[in-house]
Amino acid sequence: MPDAPGLELIAQGIEEGRQNTVIETSFEHDRATLVVNPEGVLHVLTWLRDTPEQGYTFLASVHAADYLPATPRFAVHYELLCRERVERIHVKALLEDPAAANGDSPSEAGLPEIDSCTELFPTADYQEREADDFFGIVFRGHPDLRRIAMPDEYVGWPQRRDFPIGGEPVLYTHNEIEAPRWFE
Amino acid sequence: MEVERQSLRARQLRARDLLRGDLEGKDLEEYVEERLLTTTLENVLNWGRSNAIFPMTFGLACCAIEQISLVTSRYDIARFGAEAFRATPRQADLLILSGRVSIKMAPVVRRVYDQMLEPRWVMAMGACSSSGGMFANYAVVQGADKFMPVDIHVPGCPPRPEAVLHGLNKLQRLIRGRPDLGWRQRYNAVGTEEWARFESGKPTQEALDRAAAAIRSVDEGEGENA
């Protein structure tokens with residue numbers, strides 16, 4: 001785990017390669033986080049992987065999150081691991097929701113997009129498919145971006161926070177008032 | 001005890017006489033009448049079917065662990081003649097839905113059911129396959145009877161093996177054409193449902209009439225309260 005000054009050095013190194021890439025750094029609960037501009041996420045991951053003194057060569061996880069009332073609404077999280085020093089770093093790319101900006105439905109306004117990192121880390125293939133499946137985040141340059149867990153013909157992104165929870169109300173006999181003769 | 005032993009000895013001697021061909025006339029007729037049992041072919045068929053159920057080797061989720069322990073010596077489903085779990089739906093006649101059915105699994109379950117030969121039965125084991133259980137979400141079918149017929153629901157999360165055996169016994173009685181009554185019929189408690197006494201705390205006249213009609217239909221053999 002890089003400590004807080006180490007994290008600042010990493011942010012500085014990334015900024016030297018590409019301006020306005022690191023938006024914010026945070027170091028909480030012994031966990032180093034780089035909040036980055038989604039346009040520069042490939043630069044960040046490449047820098048962390050290929051800089052000799054960094055060596056974060058192992059991508060432990062790619063996942064998405066939906067922070068609905070907040071803007072930007074979505075985030076894609078990358079967990080990187082340096083296996084020599086057993087240090088982890090967490091990269092978080094915040095994504096705006098195009099549908100929120102102009103009030104359209106996702107089908108008209110389009111989906112949030114970010115560059116795929118499958119070229120850097122082949123393991124990201126299935127994990128990016130999963131993020132796309134559940135959150136509707138498009139990974140540009142992904143070789144095979146299909147649904148992975150939900151059926152192919154499924155409509156919607158069920159892990160989004162505005163997705164209805166689903167299921168049906170359980171009917172007990174005392175529900176008779178709301179649903180008369182439901183038992184027939 | 002002594003009397004019993006004597007009568008057993010007498011019967012043994014008569015059986016020996018029959019085998020030797022010594023029984024004739026009235027004695028022979030009496031002997032045959034004693035040992036005959038008349039019934040209908042349908043009853044015999046159903047009796048045989050109910051005591052030789054071939055369940056399908058098919059586990060969906062955590063209930064499958066309880067289903068596996070049904071076969072062990074502790075619970076021993078063989079006592080009820082259903083120990084031969086078949087690994088193909090072509091040879092099975094009972095499908096135990098042991099766990100939640102996800103929307104991707106539902107077509108598979110349906111195909112397995114369609115491949116089974118008639119007569120076939122389905123037991124929804126546990127809360128999930130009966131109603132979706134705790135999984136009220138996008139991934140799980142809210143009750144297997146949304147896409148296939150279910151004969152018997154066993155409650156529990158998961159049900160203990162004894163509960164499944166109890167369900168199997170109920171199913172056997174269903175197969176024999178004498179399904180068990182619901183507990184309200186058995187304990188003469190029809191009309192005490194929450195919906196029937198919601199307003200005043202007492203059964204309404206309409207609910208009692210409906211209950212009386214339900215009991216009548218069960219008595220006439222139309223009800224299927226298994």
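Select B:Ser98 and look across to strand 2 of chain B: opposite stands B:Met125. Strands here are DSSP runs of E with at least two residues, and helices are runs of H or I with at least four, all numbered from the N terminus. This is a predicted model, in which local features need pLDDT of at least 70, side-chain atom pairs count only at pLDDT 80 or more, and totals for chains, interfaces and linings use all residues. Residues are numbered from 1 along each chain as its sequence is written, while chains are lettered from A and ligands numbered from 1 in the order in which they are written.

Now select residues 121-125 of chain B, which are strand 2; 5 bridges join this strand to strand 1, and the two run parallel. Two strands count as paired if DSSP finds at least two bridges between them.

Next, helix 7 of chain B (residues 161-175) packs on the sheet and touches strand 2 and strand 3. The helix direction makes about 165° with that of strand 3. Contact means C-beta atoms, placed from the backbone, within 7 Å; axes are lines fitted to C-alpha atoms, for helices over the stretch in contact, with angles from 0 to 180 degrees between N-to-C directions.

Move to chain A, where an open sheet of 5 strands has the order 1-2-5-4-3 with mixed pairing. Its edge strands are strand 1 (22-28) and strand 3 (58-66).

Finish on A:Val62, whose bridge partner in strand 4 of chain A is A:Tyr78.

Conventions
Contact = placed C-beta atoms within 7 Å.
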